Amino acid sequence: MPARARPTAPLASAGRLDEAQPLLDGAARALEAAHGGDDLRTANALHALALLHWARGDLAAAHKLLLRAARPRVRTLGMAHPDAAATLHALAEVARAQGDEPRALAIQRDLLQALHEAGLTSPAKPAVGPAAWRAARSDAHAPGAESAAPVRAASAAPSASGRARAAPAREVE
């Protein structure tokens, strides 16, 4: 399937977020009406809309939309899939921008664990950056971090290639 250009990308890159928002709002509403909230197409539109809200400084709206986008992406694709990982990474960064460092670290720790289980990263080749590795190695019982994770752990499942991958059974709370 050929890649399609996002019609809002030129508007966003040109700083015309006010023009891009109604287009993304409309697309998200139409996709949700046609396919439901658990459809990946809806999740993609919600993710894009969340990034727009984040760029505009509306962290509460970005957080809410990223949570809605994360559920179908994680459930369908697994945490280690690039689309799910991008949404969870954005969710962690929004939590950090909101001043919720324990939640941001918990999200990053879970994401890093899923990437590691999938064989996509190791301490020798960090895929998520040094801050995430520090978070993963830090004491899991740091104040405020013990129950801040947005996902429940699931066992790894073998992929078609035989490599372990994160199972898509993880749920976003």
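1. A salt bridge here is a side-chain nitrogen of Lys or Arg within 4 Å of a carboxyl oxygen of Asp or Glu. By that criterion the structure, which is a predicted model, holds six of them.

2. Start with R56 and D18, whose side chains meet in a salt bridge at 2.7 Å, N to O. This pair ties together distant parts of the chain: R56 sits in the loop between α3 and α4, D18 is in helix α2, and 38 residues separate them. As for accessibility, R56 comes out partly exposed at 41%, while D18 counts as exposed at 57%.

3. Next up is D38 with R75, another side-chain salt bridge, this time at 3.1 Å, N to O. D38 is exposed, with a relative accessible area of 54%; R75 is partly exposed at 29%.

4. R96 pairs with E101, and their closest N and O atoms are 2.9 Å apart. Salt bridges with shared partners join E93, R96 and E101 into one network. R96 has 24% relative accessibility and counts as partly exposed, and E101 is partly exposed too, at 32%.

5. Now for helix α2, residues 17-35. Its 19 residues reach 26 Å from first C-alpha to last, close to the 27 Å expected at 1.5 Å a residue. Which of its residues are buried? They are L17, A20, Q21, L24 and A28. These cover an arc of only 105° around the axis, so they lie on the same side of α2. The general rule behind such patterns is that an α-helix has 3.6 residues a turn, so residues three or four places apart point the same way. On the other side of α2, R29, A33 and A34 are exposed. Just after the helix, G36 takes a positive phi of about 95°.

6. Last, T42, which you'll find in helix α3 (residues 40-55). Is T42 buried or exposed? Its relative accessible area is 0%, so T42 is buried, the cut-off being under 20%. The T42 side chain reaches the backbone oxygen of L31 at 3.3 Å. Setting aside neighbours within four places in sequence, T42 is in contact with A28, L31, E32, H35, G36 and G37. A28 is also one of the buried residues of α2, and G36 is the residue with the positive phi.

Definitions and conventions: Residues are numbered from 1 along each chain as its sequence is written. This is a predicted model: local features need pLDDT of at least 70, side-chain atom pairs count only at pLDDT 80 or more; totals for chains, interfaces and linings use all residues. Side-chain values use heavy atoms; hydrogens and water are left out. Helices (H or I, at least four residues) and strands (E, at least two) are DSSP runs, numbered from the N terminus. Buried means under 20% relative accessible area, exposed over 50%, partly exposed in between (1.4 Å probe, protein chains only). A polar contact is a pair of N or O atoms within 3.5 Å; within protein, one must be able to donate a hydrogen and the other to accept it, and residues adjacent in sequence count only if both atoms are side-chain atoms. Contact means heavy atoms within 4.5 Å. The expected span of a helix is 1.5 Å times one less than its number of residues. The arc is that of the directions from the helix axis to the C-beta atoms.
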